[in-house]
Amino acid sequence: MFHYTQAQRNALRLLGGPAGHVMLFGGSRSGKTFALVCAILTRAGKAPGSRHAIIRRHFNGVKTSIGADTLPKAVRLRFPTWRLDYNQSDSVFRLANGSEIWLIGLDDAQRADKILGKEFATVYFNECSELDYSSVQTALTRLAQNCPEIRNKAFYDCNPPSKSHWAYRVFIQKLQPIDRTPLANPGDYDAMLINPADNRENLPAGYIENTLGGLSQRQQKRFLLGEWLDDTEGALWRQSMIDSARVVNAPELVRVVVGVDPAVTAGEESDHTGIVAAGMGVDGDFYVLADRSVRTDPLGWCREVVKLYREYDADRVVGEVNNGGDLIEGLLRQVDPDIAFRAVRATRGKIIRAEPAAALYEKGRVHHVGSFPELEEEMTSFAPLMATKSPDRMDALVWALAELSKGGQRFILA
């Protein structure tokens, strides 16, 4: 027989309370998403014909983690007599009472715009640390369906990123994230910490002690203890440095490259292969466009590189070949024989390679188009004198910016 954990019961009371905006934050696999999906199902069952949106930055993420896992599991365990029909082309679940639960990824702008043309009674921002505040504000304008049985609400969840993230400012500091002024109605924003220890009964043996306990101290604060992070002392990048130059859209780009930092091995404990796309704008500034870093076998990450290369019509792939030599270029050409590739070799330490890129950020010349939590976490936690682990995403970014900045300004002026 299914039973909620005590933390989930507390969370459900909060989600059903008076606050119009509720965030569950905390460590990995703490039961946050399950409780939120159950709350949405309850609301959908209570209000026939109501619509509910579950939004994530990447559609594949919400389709896999929610559509194929958490939502069916919640129905099976909590609402076993219910039947949900799934329309794959629209990515919508329909209940017998006519209510709908839509899955939305903001990385497909055309599809997201089409879906967000509707009105919803619930908007749930899954992994909201991945979303920029402007996207959240836009989606909230669709929280406008008139359902007498329920009050319209916005739900959020995240593994807490840094204290400079908009979610910390809104839900913890009760401030507007743009101008830092107090929220007009702070009581309408409520939050609750829920951690893996609260969900121990549903986790595999050793997950908390070994898997999460084996992370770095900084990662443990976020994924085990659910703590909001401070900037790392001695780091080359500060979160405020990134946030101050963040943009929603890039201008016209004169050049795009994909930086790659290949992993040496492929396995569950292997490094990620860093894959980052960046471009130079007509204004001479640099724009970080995508982070598609993956942990997979060489042919798998080569496919991701080529996919990103084609998606942005890139001019070149720049890849570190210290550990792979000609094999890397050969694998890429197996996937796409026409790809433009330039090999680079790391002949200097990471701090020396990273400093010119960090200097561009200090000058306000590098803009992140949207939010890249994993990449930004690597950047802001990379303190050269204390670093022990290879920052894969950061290295890929550094290679991309190094390539773009080679004579790039001269090209613009010409």
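Before I start, one cut-off: buried means under 20% relative accessible area, exposed means over 50%, and partly exposed lies in between. I also note that this is a predicted model.

I looked up R94. Its relative accessible area is 29%.

**Entry: E311 and R292**

How many salt bridges does the structure hold? I find 15. One joins the side chains of E311 and R292, at 2.9 Å from N to O. E311 sits in helix 10, residues 298–311. R292 sits in the loop between strand 11 (286–291) and helix 10. The two parts are 19 residues apart in sequence, so the pair ties them together. I looked up the exposure of E311 too: the residue is partly exposed, at 42% relative accessible area.

**Entry: R342 and E403**

I went on to R342 and E403. Their side chains form a salt bridge, 2.8 Å from N to O. Which elements do R342 and E403 lie in? R342 lies in strand 13 (residues 341–344), and E403 lies in helix 14 (residues 392–405). These parts are 61 residues apart in sequence, so this pair ties them together.

Is E403 buried or exposed? E403 is buried, with a relative accessible area of 6%. R342 is partly exposed, at 26%. I also see that both belong to a network of salt bridges that links R255, R316, R342 and E403.

**Entry: the cores**

I turned to the nonpolar residues. In soluble globular proteins, nonpolar side chains tend to be buried together. Here the largest nonpolar core has 34 residues. The members that touch the most others are L24, L41, I54, L71, I101 and F155. I listed elements that each supply at least two residues: helix 1 (6–15), strand 1 (21–25), helix 2 (32–46), helix 3 (59–78) and strand 5 (100–105). Helix 2 gives the largest share, 9 residues.

Leaving out residues up to four places away in sequence, L41 touches A74, V75, F79, W82, L84 and I101.

Key
Residues numbered from 1 in each chain as written. Predicted model: local features only at pLDDT ≥ 70, side-chain atom pairs only at ≥ 80, totals over all residues. Heavy atoms only, no water. Core = buried A, V, L, I, M, F, W, Y, C linked by side-chain atoms within 4.5 Å. Buried < 20%, exposed > 50% of the residue type's maximum accessible area, 1.4 Å probe, protein only. Helix = DSSP H or I, 4+ residues; strand = E, 2+ residues; numbered from the N terminus. Contact = heavy atoms within 4.5 Å. Salt bridge = Lys/Arg side-chain N within 4 Å of Asp/Glu carboxyl O.
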